[in-house]
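Colleague: I'd like to learn how to read salt bridges in a model. Could you walk me through a case?

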Amino acid sequence: WFIVSKVSLSVDHPDTKHEFTESLIEEEEGVNDHNVVKKCADIQNAISEGATSFLFTEYQYVGIFMIAFAVLIFVFLGSVNGFSTSYQQCTYDTTKMCKPALFTAVFSTVSFILGAITSVISGFLGMKIATYANARTTLEARKGVGKANIPEDDPRNPAVIADNVGDNVGDIAGMGSDLFGSYAESSCAALVVASISSFGNNHDFTSMMYPLLISSVGILVCLITTLFATDFFEVKTVKEIEPSLKNQLIISTVLMTIGIALISWIALPYSFTIFNFGVQKDVKNWQLFLCVGVGLWAGLIIGFVTEYYTSNAYSDNAGGIAEMAGMSHRIRERTDALDAAGNTTAAIGKGFAIGSAALVSLALFGAFVSRAEITTVDVLTPKVFIGLIVGAMLPYWFSAMTMKSVGKAALSMVEEVRRQFNTIPGLMEGTAKPDYATCVKISTDASIKEMIPPGALVMLTPLIVGIFFGVETLSGVLAGSLVSGVQIAISASNTGGAWDNAKKYIEAGASEHARSLGPKGSDPHKAAVIGDTVGDPLKDTSGPSLNILIKLMAVESLVFAPFFATHGGLLFKIF
């Protein structure tokens, strides 16, 4: 943050004392041109204000939901034993006494509120960091570090700021919240398993904290890994940017493996037990290390495989700002190199997100089965089989709703852009300024309105199934949505990425084959544009949002498992 903040966006106090004198390529003429700096500052302010406005509007609705759902958690969990304040026998060790139902309800409600607030803060901070760095990255690139028939990032396009806002709130705040959710939920699932193992029965606090100790080591590893790119192996040329980022992933995985081995040896006893379908299973500490290590390396492999199929090595935010600010073609080439590296790591991040969502959901499913006291999940029983069918259908329904929502918002945006070109004199000639705020408002209002139906589908399904059909049917729903959702998420990311790349492949004209398909406006290009129109919401909306579907349904079921086990299955009880 300190290094980035040294790149000034103030035209009154240009950064003439920049300490970094070693440029990747020679310094551009007019590097301190106040007009260009002012344009970058204006663009960043517009993007930052739009992104902040979007999140604040969204968080108002999230706040209402937080209060309503907190009340629901308290009522449902407190009613398991009639809001009892008396201690009761523990489910997994009848010789011990556990906290009253009222205590469980209070602590679960407080935990939910804290988790929601933390998730909101993580998304907001990630977005602010991104918008803070975008224009500064573009300016620093000038020093070498680091139907209207107009280009996509042309400042005359009224929707161009909304596009950049969408990139930030989607790829940063949205993906950040998604990965934060995976991190928090995987920790919760592991802690639940630990609490019903010999660690919990014997109150072995250090061993119970094993999941959080691993996460803490991960923070240290991230800080150390950063030094490899900034100090140990400093990037000298444009071609080194992307390999440097990929090497960081590999280095962090190797260091993390060593850290996990040390934590497993220090924090865990050599032998312990884990609750497994009604019995305590003997486990060795090296076996737990092996499980965590396999998950760690599997995440890396999934990320690289996803990057291979979906990486979009073309320009994005920094390049867009460079074009809007009217910078030279040479600067655009540098920002394109940064953007290409960023898009590659974004593709890897999406792979991580899908893989982590699948593994987290599986862990949460195991915790739910244990907490709901289900001894077996038999797919041959009608209750479970019905749940499997319904659960497998949900990701398709959810994806269709999100795709339709994106289409509606996009159509409204196109109509607004057309209106501005027809009604604002001088807009096409570049002498008048577009109304960026209206386009941002359209996307904000549409996102808030359209998120309610798919959100309700995810939140209400476990409640309805658990209350009326019971925990056996709910276990089938969770299993079906997990298997189906992961496959659709992978397919959406790969297919959408391929369609997006096809359009930009033709537009870039980097090869003889690409030039033979172009130029813009040719039949192959028109077909690729149509594919990109479908591919973008596939890879950026439906695919990533499916991660949230399978995780959220699983964690919600886990939270309400005691209530469903005690009062659920009303239809079967009545009939």
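Colleague: Okay, is Asp532 buried or exposed?

Modeller: First, a caution: this is a predicted model, where local features need pLDDT of at least 70, side-chain atom pairs count only at pLDDT 80 or more, and totals for chains, interfaces and linings use all residues. Residues are numbered from 1 along each chain as its sequence is written, and side-chain values use heavy atoms, with hydrogens and water left out. Now the general idea: buried means under 20% relative accessible area, exposed over 50%, and partly exposed in between (1.4 Å probe, protein chains only). Asp532 has 8% relative accessibility, so Asp532 counts as buried.

Colleague: Which residue does Asp532 meet in a salt bridge?

Modeller: A salt bridge here is a side-chain nitrogen of Lys or Arg within 4 Å of a carboxyl oxygen of Asp or Glu. Asp532 pairs with Lys503 at 3.3 Å, N to O. That pair links distant parts of the chain, 29 residues apart: Asp532 sits in helix α17 (residues 523–559) and Lys503 in helix α15 (residues 471–508). Helices are DSSP runs (H or I, at least four residues), numbered from the N terminus. Lys503 is buried too, at 9%.

Colleague: How many salt bridges does that rule give?

Modeller: The count is 7. Among them is Arg419 with Glu416, closest N and O atoms 2.7 Å apart. Both lie in helix α12 (residues 382–423), 3 residues apart, about one turn of the helix. Glu416 is buried at 8%, whereas Arg419 is partly exposed at 37%.

Definitions and conventions
Helix = DSSP H or I, 4+ residues; strand = E, 2+ residues; numbered from the N terminus.
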